[in-house]
Amino acid sequence: MANRLPLLITLAGVAVLFLSIVFVFALVLGAMFFGGIEFTGGHTDAAASGPSWGLAA
């Protein structure tokens, strides 16, 4: 069993890498077909509210 441990660790790492690539691919396809993915809560809401953090006169 000890001889197979490096192989099992390598296979686990490859599986994690493959799943992360598939996840990013799914995010890109979702953004293309469903109008984007907004991680920050929506850019239209931020643009409509105006510069609330601007310089005070």
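I'll start with the surface. Phe23, Val24, Phe25, Val28, Leu29, Met32, Phe33 and Phe34 make a nonpolar patch of about 920 Å². Keep in mind that this is a predicted model.

Where does Met32 lie? In helix α1. Is Met32 buried or exposed? Its relative accessible area is 57% and the cut-off for exposed is over 50%, so Met32 counts as exposed.

Now the helix itself. Helix α1 runs over residues 5-33, which is 29 residues. From the first C-alpha to the last, α1 reaches 42 Å, close to the 42 Å expected at 1.5 Å a residue. As a reminder, an α-helix has 3.6 residues a turn, so residues three or four places apart point the same way. After α1 comes Gly35, and its phi is positive, near 85°.

On to the whole protein. The secondary structure amounts to two helices and zero strands. How many of the 57 residues count as buried? The figure is 4%. The accessible surface is about 5400 Å² in total, and carbon and sulfur atoms account for 75% of that.

To recap: two helices, zero strands, 4% of the residues buried, and a nonpolar patch of about 920 Å² that includes Met32. That's all from me.

Technical notes: Residues are numbered from 1 along each chain as its sequence is written. This is a predicted model: local features need pLDDT of at least 70, side-chain atom pairs count only at pLDDT 80 or more; totals for chains, interfaces and linings use all residues. Side-chain values use heavy atoms; hydrogens and water are left out. Helices (H or I, at least four residues) and strands (E, at least two) are DSSP runs, numbered from the N terminus. The expected span of a helix is 1.5 Å times one less than its number of residues. Buried means under 20% relative accessible area, exposed over 50%, partly exposed in between (1.4 Å probe, protein chains only). Accessible areas come from the Shrake-Rupley method with a 1.4 Å probe; for residues, only the protein chains shown count as cover. Patches are made of residues with over 30% relative accessible area and no salt bridge: like charges are joined within 9 Å, nonpolar side chains (Val, Leu, Ile, Met, Phe, Trp, Tyr) within 5 Å. A salt bridge is a side-chain nitrogen of Lys or Arg within 4 Å of a carboxyl oxygen of Asp or Glu.
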